[in-house]
Amino acid sequence: LIILSVMLLALYAVIDLLLTSGNIFSRLSLMVMIPSALIGMVSRRTGVVLFLVSCGYVDLLKRLLVVDGQISKLDLYYVLGIPPVTLAAILLSTLAGAFSGTVKIRSRQWTWLFLAIGMMSLTIIAQVRESGWGLGELLPALANSAFYTTIVFIVPVLFPTTDDVLKLLRKVLLFYVPVALYGVYQQWHGFQDFEIAYLLTGLSIEIKQLIYGEVRAFSTLNSPTALGAVSMILAVLCGVLTQLRTPKGRPYLGRAVGLLLFIVFVAGWLASPSRSAAVILVMGAGGWWCFRSGTRTFMAYTASGTMMLMLMVFADAILDHLRDASLVVYDMFGSNKFGEQLTRLGTFTERLQGFSNLLKNPDFLTAFGYGGDRGTDPSDPLYNHDLLSNLIVKFGIVPVGFGLMIAIWVAIWLHRNLLQIGDRQVRSMAAACMGIVVGMIGSSLLSGSLLTVFPNNVFFW
């Protein structure tokens with residue numbers, strides 16, 4: 001009966017796709033979304049895997065919409081709705097299981113759920129302050145970013161052991177290999193015709209690549225920033241999984257396989273070319289080693305904070321010498337388009353200018369900021385291109401300072417709990433994850449925020 005039902009549903013899907021008017025890929029997305037949500041309701045762990053895989057490929061499906069003609073906003077909702085709808089189904093099923101007694105949830109895990117709800121509330125407040133109460137702005141902000149905070153509740157509940165989590169991460173690594181490889185192919189061969197057609201619709205800010213005549217690969221994701229960050233996160237995990245052991249004593253990834261996958265993901269990062277994402281690899285690997293010891297943790301944060309402060313204090317001096325450094329680097333590596341993109345230091349100028357303005361421009365420092373309209377235009381005296389300057393210009397010193405105090409308290413609490421873990425393997429995995437999180441925040445401080453870019457926010461949480 002199950003086989004017959006599946007065959008009848010497949011036949012209906014084929015007939016519907018062939019005979020119904022409208023965008024065929026839009027309807028295909030709807031037919032993927034509904035079963036994916038049903039699987040999330042019935043088999044939660046399988047649903048999590050489907051959710052994570054869909055995060056890597058949903059944007060490719062969005063680009064394919066142009067193959068079948070015009071694109072409507074409803075078509076985009078069908079495609080981009082696959083990950084959040086799947087996650088919502090998993091969340092509802094998990095909560096239903098908790099209330100019925102089939103899913104065991106510890107008190108600390110409920111705390112993470114309330115934290116996620118708090119983050120969603122803050123997102124709504126920030127979005128309302130920026131663009132008003134329109135559902136057209138609120139719902140995308142929730143679906144594309146804040147709602148994914150529920151991952152910190154779902155994953156520990158459904159994957160309660162270290163072995164469960166590491167097996168999940170291994171599956172993610174394997175499923176994302178095509179993402180990195182296609183990024184390399186895209187950088188080498190350029191965009192396909194359907195990708196160019198999609199960029200020409202103006203639905204993506206990456207149309208700027210056509211304007212400037214360059215190729216910055218974004219593979220199946222929505223931007224080079226996303227490809228670079230995801231590739232570096234997965235590169236760190238390659239190293240982690242080769243060192244950690246299954247309950248049977250075997251590594252989760254053999255060294256040869258781990259090295260091969262590491263090379264693949266580093267190649268994906270180079271193809272992006274998102275240079276600031278390298279911070280994730282450096283801080284992720286460094287945090288993996290440092291955060292297992294209290295002394296090394298203190299030294300790591302002290303060194304990072306000192307370097308960040310020096311970068312802000314000496315921003316003007318660095319700016320004075322950046323042009324000469326750009327010419328030297330260009331002479332060494334910029335003989336072709338790809339080398340020029342990879343070594344371009346011009347965008348770093350904007351970040352240094354933002355750091356300098358924080359210390360020297362009093363207009364930057366207001367109690368409650370200027371809202372979302374300031375700091376985005378290059379002609380604006382408050383223009384900035386880094387996370388810290390952007391937050392201060394938008395929201396002001398009071399909210400940012402309050403948020404910073406909360407972040408410091410959370411970091412101390414997390415590190416204290418991490419150092420209390422007795423099992424060395426569990427502590428090692430926790431240190432690696434913490435290193436990746438700190439790396440993403442550090443990369444955001446040196447560039448635009450990675451944490452609001454999908455699917456970076458999924459991996460962050």
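Me: In which helix does Arg 255 lie?
Reply: This is a predicted model. Arg 255 falls within the helix that covers residues 255–271. That helix is α14.

Me: Is Arg 255 buried or exposed?
Reply: The relative accessibility of Arg 255 is 66%. Residues over 50% count as exposed. Arg 255 is therefore exposed.

Me: How far apart in space are Arg 255 and Gly 239, C-alpha to C-alpha?
Reply: In sequence, Arg 255 and Gly 239 are 16 residues apart. In space, the C-alpha to C-alpha distance between Arg 255 and Gly 239 is 8.6 Å.

Me: How many helices and strands are there in the protein, and what share of the residues is buried?
Reply: The protein has 23 helices and zero strands. Of its 461 residues, the buried share is 44%.

Me: Among contacts between residues at least 6 apart in sequence, what percentage join residues at least 24 apart?
Reply: The contacts considered here are those in the protein between residues at least 6 apart in sequence.

Me: Are α2 and α5 roughly parallel or roughly antiparallel?
Reply: Helix α2 spans residues 24–42 and helix α5 spans residues 82–100. Their axes come within 7 Å and cross at roughly 20°. Angles under 35 degrees count as roughly parallel, so α2 and α5 are roughly parallel.

Me: What is the handedness of the crossing of α2 and α5, and how do the residues of the contact divide?
Reply: The crossing of α2 and α5 is right-handed. On the α2 side the contact includes Ser 29, Val 32 and Met 33, and on the α5 side it includes Ile 82, Val 85 and Thr 86. The residues of this contact divide into nine nonpolar, five polar and no charged.

Me: What is the handedness of the crossing of α2 and α4, and how do the residues of that contact divide?
Reply: α2 packs with helix α4 (residues 73–80) at an angle of about 35°, with the axes 8 Å apart, and the crossing is left-handed. Ser 26, Ser 29, Leu 30 and Met 33 of α2 meet Asp 75, Tyr 77, Tyr 78 and Val 79 of α4. The residues of the contact divide into five nonpolar, two polar and one charged.

Me: What is phi of Ser 219, and is Ser 219 buried or exposed?
Reply: Ser 219 lies in the loop between α12 (208–212) and α13 (224–243). Most residues other than glycine have a negative phi. Phi of Ser 219 is a positive value, near 55°. With a relative accessible area of 0%, Ser 219 is buried.

Me: Which residues does Leu 221 touch, not counting those up to four places away in sequence?
Reply: Leu 221 is also found in the loop between α12 and α13, and is buried at a relative accessible area of 1%. Leu 221 and Tyr 57 are 164 residues apart in sequence, yet 6.6 Å apart in space, C-alpha to C-alpha. Beyond four places in sequence, Leu 221 touches Cys 55, Gly 56, Asp 59, Arg 63, Val 179, Ala 226, Leu 227, Val 230 and Pro 455.

Conventions: Residues numbered from 1 in each chain as written. Predicted model: local features only at pLDDT ≥ 70, side-chain atom pairs only at ≥ 80, totals over all residues. Heavy atoms only, no water. Axes fitted to C-alpha atoms, helices over the stretch in contact; angles between N-to-C directions. Helix = DSSP H or I, 4+ residues; strand = E, 2+ residues; numbered from the N terminus. Parallel < 35°, antiparallel > 145°, perpendicular 65-115°, else oblique. Left-handed = near helix turned anticlockwise from the far one by under 90°. Contact = heavy atoms within 4.5 Å. Nonpolar A, V, L, I, M, F, W, Y, C, P; charged D, E, K, R; others polar. Buried < 20%, exposed > 50% of the residue type's maximum accessible area, 1.4 Å probe, protein only.
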